[in-house]
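The sequence and structure are shown first.

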Amino acid sequence: MSELRIEGYASLFWTRDLNDDVTAAGAFRQSLEAGPIRMLHQHDEAEPVGVWDEAFEDARGLFVRGRIITATPRGRLVAALVKAGALDGLSIGFRQVKARRDGRLRVLSRVDLWEVSIVTFPMLPAARLAVV
């Protein structure tokens, strides 16, 4: 099976995204302990494109490392676009569990993390992947 290894930050702590959300350190801890996080393309749950082998919080944010599986047409497409540099964003799919308002900002202190997608336009512009 052919695959493309990638890694990057899917979320950065205390960094405002384009939706005025800010993620607090520790917000993903319980989700990460509960089990694997899905790898999707553009948040489309119908066609997973790979697997996240590692997902963990460090001092900077939520770091993910995984493999795009090229055995499927969507996986081949995503891998080709990533290799070409046309696709390099990461975005999280989640449900808010605990949050508070801080002016315009929604501070997320606990989320139920469902998936991390490879996307064209991440809500958090600094959430980017790199080929390993």
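## Nonpolar core

The largest nonpolar core has 29 residues, and I6, I68, V82, L90, V116 and I118 are those that touch the most other members. A nonpolar core here is a set of buried Ala, Val, Leu, Ile, Met, Phe, Trp, Tyr and Cys residues joined through side-chain atoms within 4.5 Å. At least two residues of this core come from each of β1, β5, α2 (73–84), β6 and β7. Helices (H or I, at least four residues) and strands (E, at least two) are DSSP runs, numbered from the N terminus.

I68 illustrates the packing. Apart from neighbours within four places in sequence, I68 is in contact (heavy atoms within 4.5 Å) with S2, E3, L4, I6, M39, V49, G50, G75, V78, A79, V82 and I118. Two of these partners, I6 and I118, are also among the core residues that touch the most other members.

## Basis of the model

The model is predicted: local features require pLDDT of at least 70 and side-chain atom pairs count only at pLDDT 80 or more, whereas totals for chains, interfaces and linings use all residues. Residues are numbered from 1 along each chain as its sequence is written, and side-chain values use heavy atoms, with hydrogens and water left out.

## Pairing of strand β1

Strand β1 spans residues 3–12, and seven of its 10 residues are buried, so the strand is largely enclosed by the rest of the structure. Buried means under 20% relative accessible area, exposed means over 50%, and partly exposed lies in between (1.4 Å probe, protein chains only).

Two strands are taken to pair if DSSP finds at least two bridges between them. On this basis β1 pairs with β5 (residues 61–69) in the antiparallel sense over nine bridges, and G61 in β5 is the bridge partner of L12. β1 also pairs in the antiparallel sense with β8 (residues 129–131), over three bridges; there, A130 is the bridge partner of E7.

## Pairing of strand β7

Strand β7 has parallel pairings with β2 and β3. Three bridges join β2 to β7, with D21 bridged to R106 in β7. Four bridges link β3 and β7, and S117 in β7 stands opposite L40.

The pairing of β6 with β7 is antiparallel and comprises 13 bridges. D102 stands opposite L105 in β7. The two strands form a hairpin with two residues between them, and G103 in the turn has a positive phi of about 65°.

## Largest pocket

The largest pocket holds about 290 Å³ of space. Of its 21 lining residues, D17, S91, I92, M123 and L124 are the closest to its centre. A pocket is defined on a 1 Å grid over the protein atoms alone, as an open set of points where a 1.4 Å probe fits, with protein on both sides within 12 Å along at least five of seven lines; lining residues have an atom within 4 Å of a point. Grid points are joined across faces, edges and corners, and the volume is the space filled by probe spheres set on the points.

At least two lining residues come from each of β1, β2 (21–23), β6 (89–102) and β7 (105–119). β6 gives the most, with four residues. By type, the lining divides into 11 nonpolar, seven polar and three charged residues. In this count Ala, Val, Leu, Ile, Met, Phe, Trp, Tyr, Cys and Pro are nonpolar, Asp, Glu, Lys and Arg are charged, and the others, Gly among them, are polar.

## Individual residues

Most residues other than glycine have a negative phi. D20 has a positive phi, near 65°; D20 is placed in the loop between β1 and β2 and counts as buried because its relative accessibility is 15%. H43 also has a positive phi near 65°. H43 lies in the loop between β3 and β4 (50–57) and is partly exposed, with a relative accessible area of 32%.

H41 belongs to strand β3 (residues 38–41) and counts as buried, at 9% relative accessibility. Leaving aside neighbours within four places in sequence, H41 is in contact with V49, R74, V78, L87, S117 and I118. G35 is found in the loop between α1 (29–34) and β3 and is partly exposed at 28% relative accessibility. The C-alpha atoms of G35 and L12 are separated by 21 Å, the two residues being 23 residues apart along the chain.
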